[in-house]
Structures are given as C-alpha cells and as structure tokens.
Amino acid sequence: MISFVLEVEDLADTRFAISPIHETVVSLRVLREPGLHALHLPWRRAVLDQLDTAATELLRCLVGPDRGLPDFLTPRPTVFAATFEDELAVVRRTAPDVVRRDVLAVYPRGPLPDILRPLTAADDTPVLALRNTICDHLQRLWDTAIEPSWQQMRLVLEADMTYRARQLAVGGARLLFADMHQNLRWRDGVLHIDKMIGRHRVVVSGRGLLLVPSVFAHKPAPPVSPDEPPVLSYPCRGVATLWAPTPTPDPTALTSLLGAPRARLLGLLDEPLPTVEIARRLTVTPSAVSQHLRVLHATGLVTRARHGRHVL
C-alpha cells in the first residue's frame with residue numbers, strides 16, 4: 001500500500017492535469033498484456049502492425065513484471081495540458097543515474113531483460129544511448145498510435161475531470177475519491193492506494209496532489225519512488241466510447257416524442273460532452289448538433305456549463 005498524507009493546504013491545492021506522454025507510456029501495459037484492458041484490443045492490433053520488432057520489444061520491456069513503469073518516463077505535469085513534445089524533452093534530459101534507478105525499481109526481484117543490460121554499465125554512455133533510443137520509440141508510438149486519436153481521448157479525459165470537479169464541489173474529498181477506483185480509500189486525511197508495488201507513506205507537505213486521468217490505466221498508480229512529487233493517475237470514465245461504433249436509435253417512446261436524432265443525442269448525454277464530440281460520435285456536423293441542442297436546452301432537458309474552450 002502507498003499512502004498520501006494530505007493537509008488542508010494540500011487539499012486546497014489538489015488539481016487535475018492532462019499528460020499526453022503519460023497516456024503514451026501507460027499504453028505500453030496494453031501492448032505487453034492484451035488481456036489487461038479488452039476495450040483497447042482493436043487499438044493494440046493496429047499499433048503492432050505499425051511498430052517494428054525491435055521497438056516493440058524494448059517498449060514492452062519497460063513494463064516490469066508487476067506492471068510498474070519507470071518514473072522518469074512520466075514527469076509530473078507543470079501545466080494543465082502540456083504538449084507531447086515538451087514532455088518528451090523533459091524525459092530526454094533525465095540524468096543517467098535516475099534512468100538506472102527508475103528502471104531497476106520496476107525489476108525489484110529478477111534480472112533485467114537483455115535489451116536493458118546497458119543500464120548495468122558503469123559508464124554513462126550506453127545508458128544515455130538507451131535513454132535516447134527509448135525516447136525515439138516513444139515519439140514514433142505517439143505519432144502513429146496516440147496522436148491520431150488524441151483529440152477524442154482528450155475530450156473523454158476532460159469530461160471525466162468535469163465529473164470529478166462536481167463530485168468535489170458536492171461532497172468534498174471523500175466523494176471525489178469514493179468512486180475513482182476500488183483500490184482507493186480516503187480516511188482521516190490520508191489517501192490509501194492498495195495493491196501497489198511499493199509500501200511507503202508520502203507526506204505531501206504543501207506540494208498539493210496532482211490527479212491525472214488516463215484512458216489506458218487499469219487501476220490507480222502513484223509514482224514507484226517515494227521521492228517523486230505526489231501524483232496519482234487513475235482510470236477515467238467513458239473509455240468504452242473511444243472505440244465504440246456509432247450508436248443506433250431504438251424505436252422507443254422517447255424516439256416517438258422527440259424524433260430519432262434528438263433521442264440519440266439525449267442518450268449520449270449521460271456524461272457531459274462538447275458539441276464537437278457529440279458530432280463525432282453521431283457522424284454529423286457540429287452545426288446540426290447545435291440546432292438540436294438548442295431545442296433540448298429550451299425545454300430544460302439538457303443544461304450547459306463552460307469548461308475551458310468547450311461548452312459541455
């Protein structure tokens with residue numbers, strides 16, 4: 001179990017961030033274990049067709065036997081939504097001793113795979129070469145497998161954050177963490193994360209807790225090392241909508257009352273969504289969606305709230 005001790009100021013400074021490099025790195029678990037997240041199997045098959053064998057082998061080996069990932073690959077976001085290139089630049093500057101420490105931390109009980117053997121060298125040169133090769137492969141993984149779907153992923157992540165912010169506003173920290181995952185428990189100012197590799201207690205001490213939703217995460221995951229700043233990635237809601245086919249209308253009373261387009265649209269709004277995402281899922285234009293939303297809003301069937309660049 002890993003625990004975060006949160007004082008009042010830490011709770012006041014709890015915030016969310018979106019991290020494209022985090023999504024790219026966490027997706028390596030899906031590449032290594034196809035049964036870990038069945039929803040992503042279509043994505044996994046497409047990715048493996050585009051990566052060469054050497055890249056796939058190295059990226060898979062970055063996932064330890066307990067599914068841990070080296071902390072240096074997922075630097076703590078410093079802004080709400082950094083670009084992948086900015087975050088990768090941070091990874092490329094990682095010192096050799098930190099690369100060694102973080103990779104060895106995810107292989108605590110067994111030998112390193114042969115492809116990671118350069119990390120055992122006393123000289124820093126092979127470690128730096130391996131670090132740069134990893135970054136190159138991550139760049140290709142982003143370009144081919146994540147970036148083409150990033151806009152859809154980001155909308156799902158932002159919808160989750162809107163939901164969590166409402167939970168926090170309505171019920172405080174207890175309600176915020178209540179339905180994130182069964183491995184999370186909030187009690188007496190301490191957030192407990194069960195079923196972790198590490199067994200340590202982190203006193204946040206005014207640094208605040210950063211929450212990073214993830215479409216590829218299968219459970220909450222703080223950094224492996226207790227020395228890293230307090231971050232918690234967690235599985236976000238609505239992941240199934242990413243690869244789901246366009247919904248089809250059912251001949252129900254609601255369809256008879258509203259008409260098929262508005263009934264389908266209303267069915268999508270179990271979660272807050274922006275107009276462009278609704279249009280994508282229904283394969284129609286945003287202007288067509290806006291016309292129907294105006295009618296539904298006028299009747300009180302939907303409400304609106306601004307979130308950053310979007311109206312949800």
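# Contacts, cores and sheets

Me: Leaving aside neighbours within four places in sequence, which residues is Leu-116 in contact with?

Reply: Leu-116 is in contact with Leu-58, Cys-61, Leu-62, Val-103, Tyr-107 and Leu-130. Contact means that heavy atoms lie within 4.5 Å. This is a predicted model, in which local features need pLDDT of at least 70 and side-chain atom pairs count only at pLDDT 80 or more, while totals for chains, interfaces and linings use all residues. Residues are numbered from 1 along each chain as its sequence is written, and side-chain values use heavy atoms, with hydrogens and water left out.

Me: Which residues touch the most other members of the largest nonpolar core?

Reply: They are Leu-28, Leu-116, Phe-177, Leu-191, Leu-211 and Val-215, in a core of 67 residues. The helix that gives the most to this core is H7 (residues 124-146), with nine residues. Helices are DSSP runs of H or I with at least four residues, strands are runs of E with at least two, and they are numbered from the N terminus. A separate second core has 11 residues, including Leu-265, Leu-266, Ile-278 and Leu-296.

Me: What makes a set of residues a nonpolar core?

Reply: The members are buried Ala, Val, Leu, Ile, Met, Phe, Trp, Tyr and Cys residues, joined through side-chain atoms within 4.5 Å. In soluble globular proteins, nonpolar side chains tend to be buried together.

Me: Why does Cys-135 count as buried?

Reply: Its relative accessibility is 0%. Buried means under 20% relative accessible area, exposed means over 50%, and partly exposed lies in between (1.4 Å probe, protein chains only). Cys-236, at 9%, therefore counts as buried too.

Me: Why is Thr-303 called exposed?

Reply: Thr-303 has a relative accessible area of 70%, so it is exposed. Thr-303 sits in the loop between helix H13 (286-298) and strand E8 (306-307). Not counting residues up to four places away in sequence, Thr-303 touches His-297 and Leu-312.

Me: How do you know that the buried residues of H5 line one face of the helix?

Reply: Seen down the axis of H5, the buried residues fall within an arc of 100°, so they line one face. The arc is that of the directions from the helix axis to the C-beta atoms. In H5 (residues 84-92), the buried residues are Phe-84, Glu-87, Leu-88 and Val-91. Their cover includes helix H2 (20-32) and H7.

Me: Why is one side of E3 and of E5 left without a neighbour in the sheet?

Reply: E3 and strand E5 (200-203) stand at the edges and each has a single partner strand, so one side of each has no neighbour in the sheet. The sheet is open, with four strands in the order E3-E4-E1-E5 and mixed pairing. Its twist averages 20° from one strand to the next.

Me: What makes two strands a pair?

Reply: DSSP must find at least two bridges between them. Strand E1 (residues 2-5) and E4 run antiparallel and are joined by four bridges, so they pair under that definition. Opposite Ser-3 stands His-192 in E4, and opposite Phe-4 stands Leu-191. Strand E3 (residues 184-187) and E4 are also antiparallel, again with four bridges. Their hairpin has two residues between the strands, and Asp-188 there takes a positive phi near 55°.

Me: Which way do the residues of strand E4 point?

Reply: In E4 (residues 190-193), Val-190 and His-192 point one way and Leu-191 and Ile-193 the other, and all are buried.

Me: What is the strand order of the open sheet with parallel pairing?

Reply: The order is E2-E6-E7, three strands in total. Strand E2 (15-16) and strand E7 (231-235) are the edge strands, each pairing on one side only. Strand E6 (residues 210-214) and E7 share five bridges, and Val-212 stands opposite Ser-233 in E7. Helix H8 (residues 150-178) packs on this sheet, touching E2, E6 and E7, with its direction at about 135° to that of E6. H2 lies across E6 and E7, at about 55° to E6. Axes are lines fitted to C-alpha atoms, for helices over the stretch in contact, and angles run from 0 to 180 degrees between N-to-C directions.
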